[in-house]
Amino acid sequence: MNSEASYHLRRQVLWGLLLVGLGTAFLLDRMNIIEITDYWHYAPLLLVLAGINQTIGYPSAGEFSRGLWNVFIGLYLFAVLEGLFGLTWANSWPLFIIISGVTMAVRPIAARRFNVQRERHHGE
């Protein structure tokens with residue numbers, strides 16, 4: 001199975017498992033077994049999981065950089081909502097400038113690496 005096909009398969013499996021987990025959580029909430037609002041503050045971590053999924057076995061540099069953005073946004077939302085490291089909406093906006101710079105710096109390196117991998121794969 002080529003890299004792109006395995007990437008799409010893994011992506012579909014991840015989202016399927018997330019839907020099963022979310023549906024189970026809602027069912028347990030409706031049955032008064034758990035209180036789903038107690039766990040709602042962990043929702044931004046789903047973005048982190050999706051971003052990590054995008055960066056592993058990625059088919060392109062664009063997917064890799066979008067995955068980094070998803071990881072960043074998820075961690076940012078979680079940190080601000082939980083008040084980690086003293087971050088608030090008002091004092092943490094410079095992080096977007098920093099991650100934009102990181103993305104700009106990583107994208108050409110990733111593009112070069114992906115092109116080399118594709119050339120190796122197509123040469124076999």
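Start by selecting residues 61-82, which make up helix 3. This is a predicted model, so treat what you see that way. Helix 3 has 22 residues and reaches 32 Å from its first C-alpha to its last, close to the 32 Å expected at 1.5 Å a residue. Now step just past the end of helix 3 to Gly-83, which takes a positive phi of about 70 degrees.

Go back into helix 3 and show the side chains of Glu-63 and Arg-66, three residues apart, about one turn of the helix. An α-helix has 3.6 residues a turn, so residues three or four places apart point the same way. Here, Arg-66 and Glu-63 form a salt bridge, with their closest N and O atoms 2.9 Å apart.

Asp-29 is buried because its relative accessibility of 10% is under 20%. Arg-30 counts as exposed, at 66%.

Last stop: the largest pocket, with about 320 Å³ of space. Select its lining, including Trp-15, Leu-22, Ile-36, Tyr-39, Trp-40 and Leu-46. Which helix gives the most to this lining? Helix 1 (residues 3-30) does, with six residues. Color the lining by class and you get 11 nonpolar residues, one polar and no charged ones.

Note on methods: Residues numbered from 1 in each chain as written. Predicted model: local features only at pLDDT ≥ 70, side-chain atom pairs only at ≥ 80, totals over all residues. Heavy atoms only, no water. 1 Å grid on protein atoms, 1.4 Å probe; cavity = no way out; pocket = protein on both sides within 12 Å on 5 of 7 lines; lining within 4 Å. Points joined across faces, edges and corners; volume = space filled by probe spheres on them. Helix = DSSP H or I, 4+ residues; strand = E, 2+ residues; numbered from the N terminus. Nonpolar A, V, L, I, M, F, W, Y, C, P; charged D, E, K, R; others polar. Expected span 1.5 Å × (residues − 1). Buried < 20%, exposed > 50% of the residue type's maximum accessible area, 1.4 Å probe, protein only. Salt bridge = Lys/Arg side-chain N within 4 Å of Asp/Glu carboxyl O.
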